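I opened my notebook to see how this chain is put together.

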Amino acid sequence: MTPPLEKFVDPLPRPVSAVPDPSVYPGADYYEITMRESEWCFHRDLDPAPVWGYWAGNPHDPDRPLGMGYLGPTVNATKGRPAVVKYRTELPADRHMFQFVIDRIREGDPRLAPPRYHGMPSLPPDVNVWNVVHQHGGFTPPQSDGAPMQWFSPEGVRGPFYTTLDPGKTAPNEAICVYTNRERSAMLWYHDHAMGITSLNVYAGLAGLWLVDDPADERLGLPRGEFEIPLILQDRTFNEDGSLAYTLAHAEGADTPVVNGKAYPFLAVQPRRYRLRILNGSNERFWRLRFHADGDAAPEVFLPFWLIGTDGGFRAPLRMLNFLISPAERYDLVIDFGRVPPGTTVTLRNYNAPVHYPGGGGPEISEVMQFRVTEPMPEGGDPTTPPEELALRPVEPIRPRPGTRRRQWVVHQKAAFHGMTFNGVPFMAPSEDFVAAGSSEIWEYVNPNHEAHPMHVHLVNFQVLNRQPIDATAYRDAFRKWLDGGRVPADRPVLEHYVTGPPIPPDPDEAHSWKDTVKVYPESVTRIVIAEFAPPTGRIASIPGSGTEFPATYIQHCHILEHEDDDLMRPWTIVTERT
């Protein structure tokens with residue numbers, strides 16, 4: 001348990017920006033990003049302690065890399081301009097920061113160790129630290145996707161599917177990846193995705209923001225510069241000495257909110273509009289958030305805001321008073337602190353979101369950070385566009401055609417306290433799902449269990465189609481019987497026989513929005529629709545072998561990181577012909 005901390009005494013940090021070098025690969029921005037251990041102080045009342053983080057090379061001063069120590073620098077990419085990144089790991093190789101978890105997995109603890117596939121070990125033998133970086137939300141060829149088995153170690157040991165571009169330019173502890181930046185204007189992020197220990201590596205600090213900006217957005221009149229605030233929300237538990245305590249091997253959720261690396265921070269703001277770009281970077285905590293204006297002088301207790309974007313970019317503005325955000329989701333908000341009198345304190349509060357959501361336990365966190373409306377407004381007032389007047393193009397809904405292929409992913413748990421899988425199949429088993437390039441599909445996530453799962457699909461953006469309640473007990477029993485009977489395709493339980501009500505439209509904040517992560521609620525089926533499976537195929541940044549070659553395998557998984565590590569993850573493969 002974290003020692004008592006005084007709230008709202010540390011200013012909110014802002015991650016530094018990585019500086020590209022445009023001279024290495026013509027027509028592309030080049031970065032070198034290194035994983036290192038350093039020290040970071042999470043709160044005034046805690047001592048500095050070891051953390052892991054990403055550091056970007058500084059082309060203007062090689063002796064002064066860019067980073068905070070914890071988390072990573074923000075990559076500010078321009079839409080349509082590729083980026084090439086050389087990742088390097090210089091983390092301590094002999095012992096992981098949370099080695100006790102790795103030891104328990106190797107000892108076969110059923111709460112932590114995923115099932116073995118044909119005797120293969122759950123974790124790489126004789127290696128304690130391994131890493132790979134995934135650009136979450138990116139339109140990326142598979143060799144640069146940062147899939148779990150593409151890992152590499154500080155000692156130069158490499159995973160079975162390790163890949164790198166320009167191999168003559170890499171050391172054994174490095175990998176070069178290329179990114180198209182052809183996504184819509186959006187906030188992506190990058191984080192560790194190493195097989196079996198993603199949860200540990202991210203908890204230690206390996207995550208950062210990747211912003212894709214379109215120069216055309218400048219005409220929109222959105223808050224920019226100091227008025228555009230990234231907020232990386234996490235929960236962490238601390239030891240008495242200020243070090244990170246990884247408690248999620250035996251408990252639900254951590255006990256302290258951390259925003260951009262600080263516990264209970266505050267931000268002094270002007271009485272004007274701000275753009276808040278929020279990432280839920282927690283391992284497993286959902287947050288239900290609202291802005292509480294303290295004081296009788298405030299015209300409204302809960303300050304309204306406008307949702308203008310989600311995972312995959314802009315959407316039509318939606319006025320809201322609160323929102324539920326699951327791990328890996330991003331919300332793009334405009335909030336007007338000019339609606340409250342100067343001197344007002346606005347507290348970002350969390351409520352009705354237990355870990356695991358919606359019916360779990362875990363430590364309750366009710367307050368996250370404060371905004372203090374104490375800064376003077378410069379002459380000229382607020383020049384930004386009121387959010388209800390923003391000229392944001394509505395997202396056209398994807399309309400599935402009759403006969404659009406449906407693919408089912410069933411969350412299966414063999415017994416209590418055992419790991420979960422998709423369709424009863426371990427992650428390490430070969431891909432069974434082959435998608436025709438250029439096709440559209442509906443994916444049905446069937447969740448007969450009692451907790452929600454945020455499901456993330458690599459490569460693509462999608463839209464939420466609908467949800468439908470099911471007789472969870474009957475379906476779970478039928479599915480287990482089907483597995484025990486040898487998984488005969490013709491005998492698979494027919495989902496439609498177990499639904500108990502009509503389809504339910506998407507939640508307002510996800511309707512008409514581009515998503516790469518979706519909340520899959522318990523005892524229901526959640527349907528998403530993908531417009532087209534079409535990975536980048538041409539050469540990127542003039543690098544040979546940088547485009548996609550078929551068959552092309554990607555993954556999808558639960559973004560509760562402990563579930564992902566415990567095998568709730570499966571590959572799927574794009575092929576040139578329908579199978």
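**Ground rules.** I am working with a predicted model, where local features need pLDDT of at least 70, side-chain atom pairs count only at pLDDT 80 or more, and totals for chains, interfaces and linings use all residues. Residues are numbered from 1 along each chain as its sequence is written, and side-chain values use heavy atoms, with hydrogens and water left out.

**Helix α1.** I stayed with this helix, residues 99–106. Helices here are DSSP runs of H or I with at least four residues, strands are runs of E with at least two, and both are numbered from the N terminus. I looked up which residues of α1 are buried: Q99, V101, I102 and I105. Buried means under 20% relative accessible area, exposed over 50%, and partly exposed in between (1.4 Å probe, protein chains only). These residues cover an arc of only 160° around the axis, so they sit on the same side of α1. The arc is taken from the directions that run from the helix axis to the C-beta atoms. I then checked what covers them, and α2 (198–204) is included.

I went back to Y87 and listed its contacts (heavy atoms within 4.5 Å). Leaving out residues up to four places away in sequence, Y87 touches, among them, I33, M35, F152 and W210.

**Aromatic rings.** I counted 29 aromatic pairs in the structure. Rings of Phe, Tyr and Trp (its six-membered ring) pair if their centres lie within 6.5 Å; planes under 30 degrees apart are stacked, over 60 edge-to-face, the rest tilted. F291 and F305 are edge-to-face, at 5.5 Å centre to centre and 70° between the planes. F291 is in strand β16 (residues 287–294) and F305 in strand β17 (residues 305–310), 14 residues apart. F305 also pairs edge-to-face with F323, at 5.6 Å and 80°. F323 belongs to strand β19 (residues 323–325), 18 residues from F305. Is F305 buried or exposed? F305 counts as buried because its relative accessibility is 0%. F323 is buried too, at 2%. One aromatic cluster includes F291, F305, F323 and F337.

**A sheet.** I traced an open sheet of five strands, in the order β25-β32-β31-β27-β29, with mixed pairing. Two strands pair if DSSP finds at least two bridges between them. The edge strands, β25 (434–436) and β29 (517–520), each pair on one side only. Four bridges join β27 (residues 453–457) to β29, and these two run antiparallel. H456 has T517 as its bridge partner in β29.

I found a cis peptide bond between V355 and H356, with omega about -5°. H356 lies in the loop between β21 (345–350) and β22 (367–373). The bond from F550 to P551 is cis as well, with omega near -5°. P551 is in the loop between β30 (524–530) and β31 (552–558). N423, a residue other than glycine, has a positive phi near 60°. N423 counts as buried because its relative accessibility is 8%.
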